[in-house]
Each structure stands twice: as structure tokens, then as C-alpha cells.
Amino acid sequence: MRDEGRGPSLSDTSTLAPGAPVLVVRSAPDRTWRWAARLLAISVLIPLAVILGSWLFFDPEIWSHLGTTVLPRLLLNTFWLVAGVGFGTLLLGVPLAWLTVMCDFPGRRILDWALMLPFALPAYVLAFVFVGVLDFAGPLQGGLRGLLGLPPAWSFEVRNTPGVITVMTLVLYPYVYMLARVAFLGQGQSAYEAGRSLGLGPWAAFFRVSLPMARPAVIAGLSLALMEALADFGAVSVFNFDTFTTAIYKSWFGFFDLQSAAQLASILLTIVLVALVVERRFRDRARFTESGRGGTQRRMRLQGGRAIAASLFGWGVLFLAFAAPVVRLTTWAWGALEDLDLRYLDLFVHTLSLGVMAGVLTVSAAFVLAFAHRYHGDYSTALSVRISTLGYALPGSVLAVGVMLSLTWFDNRLADAVEWLSGEDMGLVLSGTVVALLMAYFARFLAVAYGPVDSSLERIRPSIRDAARSLGAGQWETVWRVYLPMLRPGLLTAGLLVLVDVMKEMPATLLLRPFGWDTLAVRIYELTSEGEWERAALPAVALLVVGLVPVILLVRKSAH
Amino acid sequence: MSRFILSAVVVGTMLNPITVLAEEVVVYSARKEHLIKPLFDRYKQETGVSISYITDKAGPLLQRLRAEGKRTPADMLITVDAGNLWHAAGSGVLAELDSPLLDANVPANLRDPKGRWFGLSERVRTMVYSTERVTPDQLSSYEDLADPKWKGRLCLRTSKKVYNQSLVAALIARHGEEKAEQIVRGWVANLAAAPFSNDTKAMQAVEAGQCDVTIVNTYYFGRLQRKQPDIKLALFWANQGSSGVHVNVSGAGVTRHAKHPDAARKLLEWLSSETAQAEFAGSNMEFPVNPRVAPDATVAAWGDFKADELNLNEAGRLQAAAIRLMDRAGYR
């Protein structure tokens with residue numbers, strides 16, 4: 001890195017075409033950024049490669065069995081899940097973001113931040129509350145039967161495809177909501193008003209101006225939601241709904257066949273990769289940039305029926321996704337209060353410190369990737385970005401095994417080498433430490449951090465960089481003094497998203513945590529895996545409380 | 001970056017002390033923390049040996065043991081279900097143990113013939129029925145639940161749960177695959193609702209009137225009974241006129257590359273002893289494996305039964321076949 005990066009370099013032409021990697025001369029900063037991106041991609045690729053390496057062994061017996069019995073249903077279920085959750089999260093996330101940013105109606109001020117709260121609730125928790133309350137044996141159906149004297153035959157089923165889609169949508173819409181909200185805030189009123197003044201009606205202005213401008217952010221939110229839906233294990237198992245994840249678990253735990261499990265996982269990975277590539281193809285080449293803060297003080301004041309409808313919509317979602325399940329959880333937790341002891345202090349500390357460490361690490365990496373891609377990228381950087389953000393689509397435990405296998409292998413070779421040199425066996429020094437855990441979080445959540453960082457980078461006008469350069473700022477100075485401050489909201493959003501996601505994360509934490517490093521999610525697992533959901537409400541509520549702090553921070557920082 | 005790796009190595013070394021100051025045992029456990037910690041605390045009080053542990057599912061723990069190879073820090077693996085124990089033994093991570101004490105404390109069908117794992121508590125999987133809509137004389141065996149007279153009256157937990165896989169594996173061992181598949185198909189045809197995610201939910205469905213009978217591990221029934229003493233459900237010991245009721249175990253073995261093999265063996269022996277067995281099984285309302293130890297009062301009140309004496313290694317061996325069978329039969 002010596003002094004190559006310092007000072008404005010005339011040979012650096014990338015400023016002419018930001019984002020579009022057309023480069024005439026290859027400059028030193030380009031090389032540095034690209035290599036940084038490649039290194040990051042490799043660190044994610046290694047555990048993925050362990051998974052893909054499973055195709056070296058092929059068990060035809062298991063595959064013909066899977067193909068004839070479970071695979072067709074699996075593909076169909078996966079299709080419905082993606083279609084349903086995709087539709088649902090867009091239907092909730094985008095309009096709610098639009099209403100709270102651009103309009104005014106009763107309750108808007110509260111809903112504006114409160115609609116992010118469901119993000120703190122893990123999917124498996126909502127799933128259990130949902131089924132517990134609404135299933136045949138639950139209080140709702142039981143109460144109705146008792147009240148109306150209906151026969152037991154009268155019932156409705158909630159443990160089915162619409163049920164799963166509903167729960168996933170309620171848990172995952174905040175991704176779309178948060179990212180769309182930031183995008184709409186960034187646009188301000190001016191773009192929309194320009195559309196209006198050019199003769200577009202309110203709907204047309206929304207669909208033809210505001211929405212296309214917010215599209216990168218909406219897509220980023222949507223892909224996070226869908227990847228999480230595909231990788232989810234906890235919620236789908238409460239519904240006994242078969243997806244790739246459950247099949248992966250079954251091959252692994254049932255057949256004890258990690259190979260087939262990994263092969264199933266790599267099919268899942270391929271589906272996601274194809275979807276991402278297709279999305280990129282269809283995305284317009286157009287770039288939208290912020291033109292400064294548009295005054296949001298002139299919100300459209302909704303009147304009469306419209307105001308009531310908007311209000312009901314917002315409160316309804318908040319009630320279903322957050323208020324009702326939290327009340328249910330709290331009453332359960334109250335009953336399990338005798339479990340509360342001093343160890344919860346440790347659990348808090350572990351949960352938080354892992355989240356913070358992973359957040360800082362992941363966001364830094366996401367910034368490097370996004371910056372390299374936008375300003376110094378070539379095809380290999382684009383590929384690096386694709387690879388680095390794949391980890392989120394894999395079920396956490398599969399990725400965790402990938403990390404564990406590769407790290408343990410490296411660790412063993414390291415110990416072999418030391419033993420050969422010194423004659424002493426130093427044992428395994430990396431696996432079983434926080435390093436292993438952080439590697440897994442990093443590989444899994446880089447996508448979560450990348451979305452907000454990249455979409456806020458996209459909204460910075462290239463001219464700003466040129467201005468900084470023309471004022472004599474060097475490469476690193478521009479990054480440090482111009483980009484980082486401008487990106488602060490995006491970086492913060494990314495960090496807090498990762499923080500909350502890491503705190504909710506279960507399978508990788510279970511497999512890779514050092515002795516004694518239990519977190520709240522581990523505690524939840526201990527109880528739920530034995531079916532003691534009501535006792536698990538206590539750590540679940542604790543997790544919710546810890547998770548709400550960053551979510552509220554997120555809200556305050558992103559409010560203007 | 002290199003400084004980061006260096007410091008990581010240093011920290012890692014500190015976290016993995018090689019020096020053995022006090023005697024120690026390292027345990028990987030698929031049995032939950034709240035069920036093992038009180039015992040470990042007691043062991044430390046009695047012997048001064050401290051025990052560090054991590055808990056996870058059996059699959060990931062086994063994978064980790066295998067990947068770590070001869071450098072694993074783990075001295076002991078505790079897990080539930082014969083299938084998991086069988087796989088652990090088969091993958092070569094457990095040492096063969098020759099302990100007269102363990103052989104005396106654990107009945108032969110509840111341990112590995114080669115001494116690689118030993119059952120520590122017995123879990124019985126049997127029927128729970130609605131006392132309002134079913135009389136005990138209508139019930140007889142697992143096989144009978146496939147009879148059309150139970151159409152629309154049966155609730156089951158998902159086939160993804162290892163307990164059901166072992167139960168079906170035992171059916172295969174008893175009847176052969178063809179007959180076993182007929183039985184499972186009969187169950188599926190009789191289901192009143194899609195399979196449930198856990199035993200408690202299935203019992204609550206029986207109580208609420210969605211169905212009349214289900215198959216569960218007894219300790220789940222015990223827990224429910226403790227919470228709702230007047231619940232209108234009862235246990236029925238299955239197959240008393242034939243093979244005996246299906247039993248499974250939670251168990252443990254000493255790892256092949258244990259750093260403290262003697263300490264681990266002593267801990268295992270202690271866990272099977274009279275002093276520890278009552279608490280090991282009792283804390284989860286399971287049955288002690290040690291025949292000289294009486295079960296917890298609640299558990300004893302359920303009465304005596306004849307248990308299936310199939311060696312649990314068989315259930316482990318047939319587990320994969322059982323899963324395939326249930327997939328074919330459409331049991332989700």
C-alpha cells in the first residue's frame with residue numbers, strides 16, 4: 001500500500017464512469033480495492049466451497065429416494081414460499097414506507113418507528129405464538145367453540161402454506177420497509193412533486209417516479225427477506241412445512257449424510273444465485289442520486305376515509321406482527337420468572353458483545369466491497385460481491401458446518417506444522433474460539449450489511465467525488481472525509497441490522513461458540529428443543545429487549 | 001490483518017489452556033443444559049473435578065468431533081436417542097470402554113455391546129388417549145393404530161423427530177419393512193390433522209378434541225400433567241400383549257481422543273451410579289437405567305410395564321431405512 005494511494009492521480013479515470021467499470025488505465029488504488037474485495041470474497045468462498053465440494057461424492061440411492069418422494073413437494077413449497085413472502089413483504093413494506101414518509105395521517109409519528117419493531121422478533125418465536133394461539137387447540141378456536149357451542153369438527157387449519165407465508169411476511173417485511181423508507185426519505189418530496197407538476201396523478205407519480213427511484217433499495221430489502229425465508233429452519237419446523245432447509249436437516253441428522261445435505265444446500269444456493277443474476281439483468285442501468293434533502297415538512301395530509309384506511313393498515317400490521325405476540329410472550333415469561341437468575345447477565349453480555357464485534361467487522365467489509373465495486377470495480381469485483389453476499393441464503397447450520405470444517409482443517413494443519421517443527425502438539429488454537437464464530441457471522445451476514453451500504457453509496461452523486469478530488473483531496477482522504485460521513489446513516493443501518501441478526505442467530509452460535517459463551521438465543525434453543533416454549537418466553541423476551549435497543553437507535557438515526 | 005491473526009492465535013491459545021491444573025472433563029452434550037448442569041455442579045462438589053461443556057444438537061456435535069480428530073478437546077459425548085449413539089459409535093469417535101461398574105449399572109439392551117456408549121436414562125414412547133372419548137380396552141398396540149377404526153382419530157408428531165424414526169425402526173426390526181410400511185400407511189390414513197411439531201402440541205390436540213389418541217414420550221405427558229393435574233388424558237402402555245412398549249435412551253460415551261480419559265470414565269460411571277441416577281432421570285421425568293434405582297414418584301405412579309427388549313443398536317442401524325419408509329408412506 002505504500003504511497004501509491006496518496007494524492008490525486010491523473011491516470012485514475014474511474015471517476016469518469018462511476019459504477020460502470022469502463023477503465024482505460026489500471027491504477028494502483030484500483031488494484032488495492034480489487035484485491036481487498038477478492039480477499040473478502042475468498043473468506044466467504046472457502047466455507048461455501050466446502051459445501052460445494054460435496055458433489056465429489058454422490059449417493060445415487062439417497063438421491064433417487066429424495067427425487068421420487070420429497071423433492072417435488074419441496075420445490076413446490078419453496079416456490080410458494082418465495083412467491084408468497086415476496087408478494088407479502090412488498091405489499092406491506094413499500095406502501096407503509098410511502099405512507100409514513102410522504103403522507104400524514106393519525107398515528108403516523110408512532111407508526112413511523114414502531115413499524116420497525118417486529119424486526120427484533122425472531123421468526124421462530126412469532127411462528128410458535130401464531131400456531132399456539134390460532135391452532136385447533138389454541139385459545140381462539142377453543143374459545144369460539146365454547147362460546148358458540150360449535151362441534152369439534154368446526155375448525156380452520158393454520159398450519160398450512162398460507163399460515164407459513166403470513167408469519168414470514170409479518171417477520172420479514174421490516175427489511176423492505178426500512179430500506180424503502182430510507183430511500184423515500186432520501187428522495188424527499190421534490191422528485192415526486194416534479195412528477196406531479198409535469199401532470200402525473202398521485203398514483204402515476206408514485207409508480208413512475210418515486211418507486212423506480214427507490215427500486216434498488218426495495219430490491220435489496222426484498223432479497224434479504226427472501227434469502228432469510230429460504231434459509232429459515234425454526235419457523236418452518238413449527239409449521240412442519242417442508243422446504244430445502246428441512247430436507248437438508250433431515251438428510252444430515254436422519255441419514256447422517258452430510259454430503260447429500262450439502263448437495264441439497266448447493267441446489268438452494270444455485271437457485272438464489274440465478275435469481276440474483278436475473279434481477280441484475282432486469283434492473284435498469286439508470287442511476288438515481290440524491291439531490292439533497294427535499295423538505296419532508298410538506299407531507300400530503302390524508303383526509304377522511306383515506307386517513308382512516310392508512311391508519312388502520314399501519315396499526316393492523318403493528319398489532320399482528322408485534323403487539324399481540326409480545327403480549328402473549330410477556331404473559332408466558334411472567335409465568336417463568338423463577339428461571340431468571342444472575343446468569344442472564346452473562347447471556348446479555350455475550351449476546352451483545354458478539355453482535356457488536358460481528359457488526360463492526362461485517363460493516364467494514366461491506367463498505368470495502370461496495371466501494372471497490374462502485375468506483376474501482378471490474379468483472380472480478382462484481383463476482384466478488386456476488387460471492388460474498390451468498391452466505392445469507394444458506395441455512396445457518398450448513399454454513400456453520402462449512403466454517404467449522406474449513407477452520408478445523410486449517411487448525412489441524414497448523415498444529416501439524418508446529419508439531420513437526422517443535423515436536424510439541426499445541427492443540428487446536430482457532431476452532432472453539434470467538435474467531436470461528438465471527439467468521440461464521442461474517443460469511444452469513446455480509447449480505448445484510450452490503451444492501452444498505454451499497455444502496456446509500458448509490459445515492460451519492462459522483463460529482464461530489466469529483467469535487468473533492470478537484471479540491472485536492474487524495475484517494476483515502478476522499479473516502480475518510482467525504483464518503484464515510486455521507487454514508488454514516490447507511491453504515492449505521494447496516495451495523496444495527498447485523499447486530500440484531502447476530503443476536504437472533506442460533507445454529508452457528510450453537511456449533512461454534514467457545515465454552516461458556518452461551519447467548520440468549522442458545523438459551524431459547526435449550527428450552528424450545530424440549531418443547532418448553534412457555535419457559536423459553538423468558539429468554540425470548542430478554543432477547544426482544546436487547547434487540548429493541550438497536551432497532552430504536554436505527555429508528556432515531558434514520559428519522560429526519 | 002496479520003496482527004489480527006496473531007492476536008487471534010494468542011487469544012486462542014489462552015482460551016485453550018494445555019496445562020492441567022485441576023482435574024477436568026470436557027463434555028459435548030446434546031442433552032440440554034438445565035438437565036445436566038445441576039448434576040455437574042454436584043459432581044464438582046463431591047470430587048473437585050470441574051466439567052466444562054457445550055450443548056448443541058447431536059448432528060453438529062458429532063460433525064465437530066470428527067473434524068477435530070485427534071486434537072478434539074472433548075472427553076465425553078452425551079446425546080439422546082439410540083440412532084445418534086449408534087452413528088457416533090459407527091463414525092469412530094467413541095472409545096471402547098471396559099468397565100465392570102457400567103456393565104453392572106446399565107442393562108445389556110441399553111448399551112453398546114462393545115462399550116462405546118451407555119444408556120443413562122430410559123425414555124418410553126407410548127400412547128396418550130382422551131379419557132372422555134376412549135376407554136383403555138379399545139387400545140392395544142402401535143400396530144393397531146393403523147386399523148381403520150381409528151380413522152380421523154389419530155394425531156402424530158412429525159416424522160422428522162428422531163423419536164418417531166426410532167419407533168418405526170423398531171417396527172421394521174420386528175415385522176420387516178413391508179409390514180412396517182403397511183402399518184405406517186395405516187397411521188397416515190387415520191390422521192385427524194397434519195403431523196405436529198412436538199409431542200405437547202399433539203397431546204393438546206387430543207385434549208381439545210381434534211383427535212382421540214397420540215404417541216408421545218412419557219415425560220412430555222408428565223410435564224403436562226404437572227401443569228394441569230386434572231387434564232382429561234391418560235397414558236396407555238402399548239404392546240403389553242406382544243413386543244412390549246418402545247423404549248429409547250439418552251446416553252453417553254468417552255471419546256476416542258479424550259485428553260482426560262480416566263476422569264471421563266469416572267464421570268460416566270458416576271452418572272450411572274445410584275447416587276446420580278435418580279436425579280439424572282428424575283429431573284426430566286425419565287426412567288433410570290440402573291435397575292436398583294426407583295423412578296421419581298410421579299413416574300412410578302404411571303405403573304409397571306413390559307418394555308421392548310430389542311437392542312437399541314438395531315434401532316440405530318435401521319434409522320435411515322425408517323426415514324425412507326416414512327417418506328414413501330407420506331408421513332411428513
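Trainee: How many residues does the contact take from chain A and from chain B?

Mentor: It takes 45 residues from chain A and 50 residues from chain B. Keep in mind that this is a predicted model.

Trainee: Which helix gives the most to the side of chain A that touches chain B?

Mentor: That's H16(A), with 7 residues. Helices H2, H10, H11 and H20 of chain A are also among those that each supply at least two residues. By class, this side of chain A has 22 nonpolar, 17 polar and 6 charged residues.

Trainee: Why are H16(A) and H17(A) called oblique to each other?

Mentor: Look at the angle: H16 (residues 396–422) and H17 (residues 434–458) of chain A pack at about 130 degrees, with their axes 9 Å apart. Roughly perpendicular covers 65 to 115 and roughly antiparallel needs over 145, so the pair is oblique. The crossing of H16(A) and H17(A) is right-handed.

Trainee: What makes the contact of H16(A) with H17(A), by class?

Mentor: There are 9 nonpolar, 1 polar and 1 charged residues. Gly counts as polar and Arg as charged; on H16(A) you'll find A:Gly396, and on H17(A) there's A:Arg444.

Trainee: Over in chain B, how do you know that the span of H10(B) agrees with its 12 residues?

Mentor: At 1.5 Å a residue, residues 261–272 should span 16 Å, and the end C-alpha atoms of H10(B) are 17 Å apart, so that agrees.

Trainee: And which residues in H10(B) are buried?

Mentor: The buried ones include B:Ala263, B:Arg265, B:Leu268 and B:Ser272. To be called buried, a residue needs 20 or more other C-beta atoms within 10 Å of its own.

Note on methods. Residues numbered from 1 in each chain as written. Chains lettered and ligands numbered in written order. Predicted model: local features only at pLDDT ≥ 70, side-chain atom pairs only at ≥ 80, totals over all residues. Axes fitted to C-alpha atoms, helices over the stretch in contact; angles between N-to-C directions. Helix = DSSP H or I, 4+ residues; strand = E, 2+ residues; numbered from the N terminus. Parallel < 35°, antiparallel > 145°, perpendicular 65-115°, else oblique. Left-handed = near helix turned anticlockwise from the far one by under 90°. Contact = placed C-beta atoms within 7 Å. Expected span 1.5 Å × (residues − 1). Buried ≥ 20, exposed ≤ 12 C-beta atoms within 10 Å, placed from the backbone.
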